[in-house]
Amino acid sequence: MAKKIPFNVVFASDEDVNFPASELNNHGPTVHGWRSAPDCGLDSHDIILRFQQPAKIYRIQLLAHQYLIPEKVELWLHYSPKSLPSTPSSQYFDFLGFVALADNANTNYKSRELQSVTVCPRRGTHLKLRLIGVQGNDYNGTGQISLLAVNVLGEDLEVGPTNGNGEEHLSNEAPPLDTATGELALASICDDLLFSMYVEESIVQSIRELEQRKVLAVNAERFEYARKLKLCMTALRSAGERLGRYALAKRQAVQQEDFTTARLRKEQIEMYRAAVLRQLQVQQLLEPQGVALGTNDQSCEIYAGGKPSLPAAPSLQDVAQALAEATYSPKSLTSLSLDDKSSTDGSQGQPGNDSVVATPAPAPAPTSLQATPTPSLGGWRKSHDELPQSPRLPSRHSSPMSSRQGSLRRRNKSVPRNSYEDYEERAIPTLRQECQGNALLEADPNRGRSRLNDRERRQAALPILVFGSELVEQFYSRQFQDREDGLLRLRTFLKDHDLEDVSGNEHAASPNKVARSAALLLHRAVRDAVYSVFGQATETVRMLFLEYVPGRVSPNEVARCVDRLLPELLAKSGDPSARLHTLAQHTILSIAACPEVAEQHLVAPALSRSVGSGTHQRLAMSRLQMLEQLVHTQGISTDKHSGLTCRALSECGCSGIHHPAEPVRKVAERILLLVYKVNPRLVRKQLPPDDDITRRNLLYRQLFTEFDKLDLDRKQELLEANKYGGGHSSGDAATPPADKASTSSDASRLMTSRSGHGLGPVASSNNGYASCNGKQQYNEQLKRSMLSVSNSCKGSASNSESTEDNSPKIRCPFCDWSCVGSDASQLDRHYWKACPFLTKCPQCSQVLEVAALNYHLTTECDAKESYVVCARCTESVHKQLYELHQMEDYCRELKTGAARCPLCHDDVHLPQDGGWKLHLLSAGGCPGNIRKKNLKKSN
């Protein structure tokens with residue numbers, strides 16, 4: 001497996017004094033890299049690296065500067081045995097190739113480019129980099145070029161015979177590849193340049209040791225121990241990135257001679273490193289004594305739930321307080337630091353440690369204080385990873401001239417991306433509420449809280465009068481912890497505020513003033529960008545309306561509070577984040593559940609407004625989902641001001657079904673179905689007429705199909721009611737079984753088909769597609785079937801000696817075929833074999849209407865992938881026969897307003913006004929319909 005090949009820079013054609021070529025020997029967050037001499041006038045710059053021992057090279061990685069960029073970098077390799085001289089003048093280099101670098105203008109010179117070059121396995125002892133040309137830009141006024149880091153990956157070379165020139169090409173060998181990713185297999189993740197450039201050096205060493213222990217654990221089949229090691233290494237990477245940022249901040253402070261900040265950063269690094277190693281139990285996992293510990297093979301709480309959590313990073317404020325307390329208690333500091341150092345480093349304290357720890361500015365002091373924080377610290381606050389900004393430092397965002405500004409931009413797309421590439425892409429603002437020098441050592445607990453200015457005091461005059469300025473200042477604070485504490489205090493105030501106290505104390509605020517003041521503060525809190533603050537704010541809103549408002553606050557004040565909070569919550573309900581819009585929806589529905597809010601209809605009118613096509617998908621969907629929930633919980637109202645009337649809901653639903661987003665249309669359809677159950681006529685008036693043209697639209701076809709199902713259910717209920725009512729009025733105790741079976745079978749067969757007729761179960765899959773006779777004929781046929789069934793029930797119940805004319809008949813709704821009897825299977829057999837309106841699909845053998853065959857073959861059939869629609873005659877044709885079909889005489893242009901019969905390929909004129917019936921049933925009609933002969937035989 002490939003590993004990092006150590007090397008030393010032995011030659012450089014030129015270099016800047018402050019950025020020597022020796023910087024390339026090391027990798028880490030604080031390295032400067034090599035930089036050419038300013039205005040040197042050279043066209044090319046050579047850098048020669050000598051490997052510490054001969055190696056087999058697999059990959060070379062180069063990290064360029066963000067604006068001091070060469071045009072290209074040539075790679076040369078040389079191999080010489082130890083017996084031959086190795087001076088640059090006597091070496092013969094073999095050209096490997098070159099790497100072209102981008103000018104980086106598209107990133108505004110704020111990111112760096114990493115080039116990873118995989119080469120054929122070559123043996124070598126020296127690597128020469130020749131940097132040619134300069135990428136000109138406004139930030140490079142001196143014509144310099146730079147190279148931040150070089151990494152060589154390969155394997156140690158076993159000494160063997162070579163050719164006469166000293167170099168050898170291993171054409172028969174291939175680099176080791178990872179079977180999972182197909183990339184170069186590395187012995188350790190620490191060998192990658194992406195890792196070593198952004199993780200602190202001590203953490204890198206710890207991860208290397210943990211990787212070795214993991215290999216031994218797997219070989220010994222200690223799989224629980226190996227799992228812990230893997231999770232520990234993952235957590236250490238994140239901690240190492242943070243420590244790398246702290247080291248970078250310390251170096252910048254030293255460059256600016258801001259030694260106070262540098263000292264604090266040094267202590268911060270020590271404190272956080274010790275806390276991470278202690279919490280992750282790194283010393284125990286390493287098993288320093290070489291003896292396997294039983295606890296490592298057992299599950300523990302830290303590694304039980306996946307990736308372990310890291311301790312909170314100490315801010316510079318906490319470090320300053322720790323130093324201040326260490327100054328005033330040196331004795332306790334001495335004993336604690338010795339214990340902590342021995343437990344952290346795994347070795348006993350040395351004799352010279354006592355004198356060092358007793359000084360006012362000790363290095364191990366904050367480590368010991370972190371182990372046992374004093375009560376005055378109050379625990380560490382969460383750090384934002386900001387870099388220190390001294391008053392003498394210029395702004396980091398003024399120009400990209402900062403030495404480490406920018407992010408790593410990887411051009412090799414084959415290598416998987418990871419978190420290290422985004423190391424410097426985040427903006428690094430200055431620290432808030434952190435001052436320099438002696439001000440950091442001041443222990444003022446309220447220095448992080450913002451004071452209200454005059455404008456804010458005028459805005460919050462009433463809340464200050466009711467709750468006091470301290471609570472209001474927490475709402476206006478820049479620290480999110482203070483805002484969370486303010487919301488907790490507000491909830492406590494609302495719980496403890498009692499009406500008896502208000503009546504007994506004339507200076508106490510009334511419930512109306514308390515509600516108004518709370519709404520003013522919550523209006524600011526629900527707009528907060530921090531999720532934890534927003535969650536606390538929504539919980540406070542729910543408590544205000546569900547616990548405090550009922551029975552206390554007047555209706556006018558309730559309306560005022562809702563008008564202030566509802567727009568902000570509606571805006572949050574359209575947030576793309578799932579947890580935000582879900583929480584906002586739950587809060588709005590909780591407000592609507594308040595009795596005072598429900599009586600005044602304050603929420604539903606805002607939700608039932610029409611949804612425009614330009615409304616954002618998430619916002620429109622949230623509004624319709626909440627409206628649907630209100631319909632389920634509160635029902636459809638007849639009060640025109642409620643916002644839940646049939647007219648308001650149908651108008652909202654009709655506007656929603658035209659939204660371009662499909663999830664919004666689905667919710668709008670469900671709302672229309674809820675309204676249709678109550679007032680079907682009003683819903684149909686809001687929609688286009690139910691005819692063939694309208695049903696060609698998939699949206700309306702699905703919607704009208706659901707309407708037809710609801711109509712059928714409603715009419716079946718009426719049919720059952722009439723049947724049982726007729727039986728009792730005639731004096732019979734029950735309906736005869738034969739009549740009952742006939743009635744149920746006839747009613748169950750009445751389903752909507754493509755032409756709007758009643759169709760049996762055989763063709764039930766085609767319902768919802770419009771054809772020739774439309775909806776009116778379906779309604780008329782349904783009424784006739786219901787009337788015939790009810791008459792048959794009444795006749796059989798009233799007269800047992802009825803004649804043949806009064807016996808029940810079964811009639812086909814398509815071709816008017818009828819027969820005497822009550823056996824439903826006769827109608828099914830007629831559908832299957834004889835009805836000229838129906839035919840069988842040649843692919844799936846499903847019985848369907850002739851008018852629906854072309855549509856079925858291309859959209860519904862199991863073999864629909866094999867059929868296409870002819871662009872000339874609109875028939876469905878098999879793909880393999882499409883060219884032959886276009887050569888046929890009957891493949892001709894379709895006339896306007898006509899339809900094409902799939903059986904005889906003739907035009908059907910006026911298909912919506914009985915054209916299909918005339919074509920299929922007349923004597924000189926469709927010549928390709930063989931069912932007409934069967935119908936005559938059966939008759």
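## Strand S5 and its partners

Six of the seven residues of strand S5 (residues 72-78) are buried, so this strand is largely enclosed by the rest of the structure. The model described here is a predicted one. S5 pairs with strand S6 (residues 94-100) in the antiparallel sense over six bridges, and within S6 the bridge partner of Lys72 is Ala100. S5 is also joined to strand S7 (residues 111-132), again in an antiparallel arrangement, through seven bridges; in S7, Arg130 is the bridge partner of Glu74.

## Salt bridges around Arg695

Across the whole structure, a search finds 25 salt bridges. Side chains of opposite charge can pair when their charged atoms come close. Arg695 takes part in a salt bridge with Asp690, for which the closest N and O atoms are 2.7 Å apart, and Arg695 also forms a salt bridge with Asp708, where the closest N and O atoms are 2.7 Å apart.

Asp690 and Arg695 are both buried. Arg695 counts as buried because its relative accessibility is 4%, and Asp708 likewise counts as buried because its relative accessibility is 2%, where the cut-off for that class is under 20%. These residues belong to a network of salt bridges that links Arg684, Asp690, Arg695, Asp708, Asp711 and Arg714.

## A link between helices H13 and H16

The side chains of Glu539 and Arg491 meet in a salt bridge, with an N to O distance of 4.0 Å. This pair, too, links distant parts of the chain, since Glu539 lies in helix H16 (residues 531-548) and Arg491 in helix H13 (residues 480-496), 48 residues apart. Glu539 counts as partly exposed, at 38% relative accessibility, whereas Arg491, at 10%, counts as buried.

## Positive charge on the surface

Arg455, Arg458, Arg524 and Arg527 gather on the surface in a patch of positive charge. Arg455 is found in helix H10 (residues 454-459) and, with a relative accessibility of 46%, counts as partly exposed.

## Positive phi outside glycine

Glu221 is not a glycine, yet has a positive phi of about 60°. Glu221 is placed in the loop between helix H2 (201-219) and helix H3 (223-255), and its relative accessible area of 58% makes this residue exposed.

Ser845, also a residue other than glycine, has a positive phi near 65°. Ser845 is found in the loop between strand S14 (838-840) and strand S15 (847-849), and is partly exposed, with a relative accessible area of 41%.

How values were computed. Residues are numbered from 1 along each chain as its sequence is written. This is a predicted model: local features need pLDDT of at least 70, side-chain atom pairs count only at pLDDT 80 or more; totals for chains, interfaces and linings use all residues. Side-chain values use heavy atoms; hydrogens and water are left out. Patches are made of residues with over 30% relative accessible area and no salt bridge: like charges are joined within 9 Å, nonpolar side chains (Val, Leu, Ile, Met, Phe, Trp, Tyr) within 5 Å. Accessible areas come from the Shrake-Rupley method with a 1.4 Å probe; for residues, only the protein chains shown count as cover. Lys and Arg count as positive and Asp and Glu as negative; His and the chain ends are not counted. The place of a charge is taken as NZ of Lys, CZ of Arg, CG of Asp or CD of Glu. Helices (H or I, at least four residues) and strands (E, at least two) are DSSP runs, numbered from the N terminus. Buried means under 20% relative accessible area, exposed over 50%, partly exposed in between (1.4 Å probe, protein chains only). Two strands pair if DSSP finds at least two bridges between them.
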